[in-house]
2 protein chains.
Amino acid sequence: MAQLNPIIGDLDGNTRKIIETLDIARERRTQIVLFPELTICGYPPEDLVFHESFIDSIEQHLEQIIKASSGLGVFVGLPRRNFDKGEKHLLNSAAVIYDGNLLGFQDKWLLPNYDVFNERRYFSAGYKTRTWEMFGKKIGCVICEDIWQNAGYVTDVRYAEDPIKALVEHEPDLLVNLTASPYQYQKPHIRVKVCRKAAQTLGCPVLLCCQVGADDQIIFDGYSVCVDEKGNLRQLGKGFKEDLMTIDTDAPACPVPFEYCQEKDLFEALKLGVADYCRKSGFSKAIFGLSGGIDSALVAAIAAEALGPENVIGVSMPSPYSSKASVDDAKQLAENLGIELKIIPIENEFKSYNETLSPYFKNMPDDVTEENLQARIRGNILMAFSNKFGHLVLSTGNKSELALGYCTLYGDMAGGLGVIADVKKTTVYDMCRWLNQKKEIIPQNIIDKPPSAELRPNQKDLDSLPEYGIVDAVLQGYVENYQSIKEIAQESEIPLELVMNLVRKIHAAEYKRRQGPPALRITKKSFGVGRQYPIVQGWL
Amino acid sequence: MAQLNPIIGDLDGNTRKIIETLDIARERRTQIVLFPELTICGYPPEDLVFHESFIDSIEQHLEQIIKASSGLGVFVGLPRRNFDKGEKHLLNSAAVIYDGNLLGFQDKWLLPNYDVFNERRYFSAGYKTRTWEMFGKKIGCVICEDIWQNAGYVTDVRYAEDPIKALVEHEPDLLVNLTASPYQYQKPHIRVKVCRKAAQTLGCPVLLCCQVGADDQIIFDGYSVCVDEKGNLRQLGKGFKEDLMTIDTDAPACPVPFEYCQEKDLFEALKLGVADYCRKSGFSKAIFGLSGGIDSALVAAIAAEALGPENVIGVSMPSPYSSKASVDDAKQLAENLGIELKIIPIENEFKSYNETLSPYFKNMPDDVTEENLQARIRGNILMAFSNKFGHLVLSTGNKSELALGYCTLYGDMAGGLGVIADVKKTTVYDMCRWLNQKKEIIPQNIIDKPPSAELRPNQKDLDSLPEYGIVDAVLQGYVENYQSIKEIAQESEIPLELVMNLVRKIHAAEYKRRQGPPALRITKKSFGVGRQYPIVQGWL
């Protein structure tokens with residue numbers, strides 16, 4: 001099982017990686033090599049597949065792979081033209097190759113079209129199945145979602161077909177699955193359960209080969225699965241890394257325990273998100289505002305591990321309302337992490353703007369305008385470093401702020417990647433405490449002090465917002481679980497009016513989020529990819 | 001035919017409008033009232049339909065409409081729960097009401113899932129059809145896309161069904177269609193042709209009732225259609241306005257000519273886009289940078305007509321590199337349009353930033369950093385006015401700039417709405433010349449001078465870019481028509497290498513566009529809604 005990390009659309013690079021894997025497989029005397037879903041182009045290729053020249057090129061790359069397959073059986077994923085019936089001109093398929101020959105294609109039956117998935121936009125559904133004979137075994141092949149229906153884990157969709165059941169009469173000796181399945185915080189076990197159920201239905205071992213790596217917002221965690229014919233977990237791919245797994249399906253059973261730490265996985269996921277964004281688009285260094293608050297502290301810790309501390313630059317940009325303690329906290333954090341810290345006061349710019357604007361704002365009190373100005377000056381300074389030196393600006397806002405619009409468009413929202421933009425504030429605290437378990441990485445004062453944007457004298461988040469425990473309960477209920485306002489109020493014992501007020505803020509901030517940087521997705525419903533709400537609307 | 005302009009999700013407001021329409025219909029002694037697709041919630045409601053409480057509320061509003069329908073037949077669109085088979089829990093339906101009773105529902109068969117349409121994300125496809133008896137007539141009912149297959153105008157999708165053909169055996173006396181069909185520049189006739197074909201297939205008149213109005217990026221142009229049983233155009237709804245059309249299907253034939261001016265329609269479309277964004281979200285005034293260039297000139301003309309010149313504020317923000325002529329052109333334009341002009345030099349802010357950054361940028365030449373700084377200072381100033389006074393900031397960039405990334409993130413890209421962000425530069429010129437046909441609205445000098453960003457001494461667009469005729473040919477070929485680089489080069493006689501270079505720029509600028517404001521969509525492929533490309537990718 002080749003748990004690979006492709007680059008979307010990099011057909012040459014991905015094909016090279018596939019062919020290198022075949023060479024390694026031969027060295028290891030492997031018979032069959034299984035790749036993830038849409039391996040040749042990476043998942044999700046999105047509208048690239050609408051270009052005829054893109055599909056042409058994939059066909060040519062498939063030819064190279066076929067030529068390089070001598071002595072091996074290969075299952076490799078790709079989009080291909082649909083010459084059969086069906087609404088769309090493409091199919092999401094596995095090419096089945098044996099010893100230099102293309103045996104045929106297995107098409108994906110169940111096309112997810114919910115959350116981050118838009119497969120009906122591109123593909124027609126397959127409807128044929130069979131087994132493929134290789135090395136005296138009959139092998140059944142399905143693609144990603146195809147295996148989920150049988151286990152009953154597709155709760156929001158009622159597919160008419162079950163590709164696993166359809167395979168029963170073909171009596172496969174082995175089932176392989178080509179997968180690209182996104183990471184989700186606190187949900188590690190499901191893919192193993194899904195494989196177990198398929199093994200039990202078919203009475204054969206199941207291999208599920210996952211894509212790994214981050215692509216824009218979506219993080220693929222790896223953890224490819226091998227279960228035996230009884231459904232016992234026999235092997236698990238590495239998390240958040242490429243892994244070429246050699247599996248002996250005839251070896252005696254030796255179940256592996258599934259060890260899991262949810263904080264570690266989340267940290268690894270975000271790390272991979274930052275690392276892959278940079279590596280795949282050619283950034284080597286990252287820069288961001290290091291305010292001395294907890295959000296940028298967590299981002300700093302993630303970036304330092306993702307890129308190496310020598311490639312990470314924090315910038316403390318005190319305004320007249322910043323406390324000395326904040327700068328000190330930023331210094332201590334930078335020292336703990338070994339990252340560079342620049343201290344660039346923004347008083348002069350703030351003064352210039354205020355002078356320029358004062359004739360127009362005469363007799364008007366300071367308000368959110370002046371707060372946003374400070375945030376935007378900081379955004380500009382970071383972008384200037386980005387323009388001058390080619391560093392990637394990381395945006396440090398968390399999901400709770402983004403939910404309520406407690407953030408400044410073109411200010412603290414500026415940046416190429418929202419590292420913790422799908423992490424709720426309460427989870428930010430959990431993560432920092434977890435990071436500090438062995439030794440103090442995040443200075444304790446950053447964790448202990450009350451959160452503040454420091455954009456006006458003595459400002460505290462709690463002046464404008466309820467406690468983050470309340471914010472996050474409403475955010476989770478409304479955004480992630482589609483609960484009604486009544487249900488949230490009842491379940492969480494938050495007053496109905498407060499829930500309503502927060503939900504209205506969530507909708508009202510849609511315009512800001514639409515212009516936010518891509519947010520690394522870690523929950524079942526992130527802002528951005530997978531969530532589509534109108535900006536201008538009158539609901540609630 | 002009630003060609004209405006609903007607000008997405010404003011169930012109370014939309015229902016009030018529907019019921020008022022029923023009252024007017026009774027006054028006019030109308031028998032049957034036809035509304036657009038998904039009238040009760042407006043189209044497209046997007047993920048709002050995932051909230052059970054939203055669907056509950058739509059059911060309650062439908063009850064009110066049924067109660068208000070005495071003496072009338074009514075076809076009104078709504079999303080409703082699917083208790084039948086099918087992948088999704090919802091259907092896109094017409095409620096068929098007669099004299100205070102719900103006769104039943106007609107469900108949409110053909111669910112578009114391409115370009116801006118994601119209907120498979122929400123809905124299962126209907127598969128039953130029938131006619132509905134009202135006032136001695138048998139009425140067939142279909143929804144939007146359902147009528148297109150029969151005319152052969154669905155070119156990219158191969159639907160298995162044809163709901164018009166399925167109606168033939170039911171011998172309807174009249175066909176009604178509930179529609180929400182977006183405006184597209186230079187494509188006015190298609191809906192009439194589609195109705196003509198259905199009339200010919202069924203041998204009965206066809207009424208196609210369109211939603212009108214703008215919702216975020218999408219503009220619905222209205223122009224509801226009535227054709228007689230031979231397919232002759234008998235009545236056409238107003239463009240870009242609500243229209244309660246009274247139609248006598250028994251009156252003698254009197255075909256209306258289809259008059260059409262593509263520039264006027266485009267101007268009306270963008271005007272409606274600006275007007276509806278403001279009206280539906282509570283903005284009364286708009287503000288934007290008035291550089292003296294052609295793009296902001298066109299936006300000023302659109303905004304002045306959309307909101308009234310008294311509600312439009314242009315801001316000229318000269319930097320050290322701005323020419324006096326530019327400020328003069330801005331002054332002349334503001335005078336021609338009767339809008340307010342503020343002149344706010346940005347030298348002080350630019351100086352402050354340069355002083356702050358100089359220790360870090362020592363011995364490095366000025367480059368795009370300093371250019372972007374100027375654009376971002378301007379963005380900040382506009383946003384400060386927005387924050388202080390509640391004005392909407394309009395972004396004035398055109399599609400050609402956005403395509404190539406020849407624009408500054410958080411700078412000239414800042415704003416709540418991209419007014420001409422789907423208008424190619426060559427079309428911007430066409431529009432300004434058209435505006436000046438009767439009298440000079442856009443000062444001729446603005447049209448004649450070579451385009452320049454004026455962000456460094458003597459800068460001209462042509463220093464960095466090929467002529468806009470070339471840029472736009474490649475943009476249209478690659479982005480709008482999915483042509484290959486080879487095809488574009490052959491067709492337009494642009495050197496292959498230059499085409500490739502521009503296409504690479506288009507992909508490379510994806511990260512900027514992802515954070516741009518919503519762009520009013522006027523072509524068949526705009527940036528933003530309806531176009532989904534990875535930011536990090538290796539194709540080409």
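**Helix packing, domains and chain pairing in the predicted model**

In this predicted model, helix α6 (residues 262-281) of chain A packs against helix α7 (residues 294-307) of chain A at an angle of about 60 degrees, and their axes are 8 Å apart. An angle of 65 to 115 degrees would count as roughly perpendicular, and one under 35 degrees as roughly parallel; α6(A) and α7(A) are therefore oblique to each other. The crossing of α6(A) and α7(A) is right-handed. On the side of α6(A), the contact is made by A:F267, A:L270, A:K271, A:V274, A:A275 and A:C278. These residues meet A:I302, A:A303, A:E305, A:A306 and A:L307 of α7(A). Of the residues in the contact of α6(A) with α7(A), 9 are nonpolar and 2 are charged, with no polar residue present.

At the level of domains, chain A is divided into domain 1, spanning 2-260, and domain 2, spanning 266-461. The centres of domain 1 and domain 2 of chain A, taken over C-alpha atoms, are separated by 40 Å. Domain 1 of chain A contributes 9 residues to the contact between the two, and domain 2 of chain A contributes 8 residues. On the side of domain 1 of chain A that touches domain 2, strands β11 (212-215) and β12 (218-221) of chain A each supply at least two residues. By class, this side of domain 1 of chain A has 6 nonpolar, 2 polar and 1 charged residues.

The relation between the two chains was examined next. Chain A is superposed on chain B by a rotation of 180 degrees with 0.0 Å of shift along its axis, at an RMSD of 0.0 Å. This is the relation of a two-fold axis. Within chain A, the C-alpha nearest the axis belongs to A:Q515 and lies 2.1 Å from it. Both copies use the same surface, in that 100% of the contact residues of chain A recur in chain B.

The contact between the chains takes 67 residues from chain A and 67 residues from chain B. On the side of chain A that touches chain B, at least two residues each are supplied by α2 (52-67), α6, α9 (347-357), α10 (368-389) and α18 (510-514) of chain A. The largest share of this side, 11 residues, comes from α10(A). By class, the side of chain A that touches chain B has 29 nonpolar, 21 polar and 17 charged residues.

How values were computed: Residues numbered from 1 in each chain as written. Chains lettered and ligands numbered in written order. Predicted model: local features only at pLDDT ≥ 70, side-chain atom pairs only at ≥ 80, totals over all residues. Axes fitted to C-alpha atoms, helices over the stretch in contact; angles between N-to-C directions. Helix = DSSP H or I, 4+ residues; strand = E, 2+ residues; numbered from the N terminus. Parallel < 35°, antiparallel > 145°, perpendicular 65-115°, else oblique. Left-handed = near helix turned anticlockwise from the far one by under 90°. Contact = placed C-beta atoms within 7 Å. Nonpolar A, V, L, I, M, F, W, Y, C, P; charged D, E, K, R; others polar. Least-squares fit on C-alpha atoms with pLDDT ≥ 70 in both. Domains from an automatic or database assignment.
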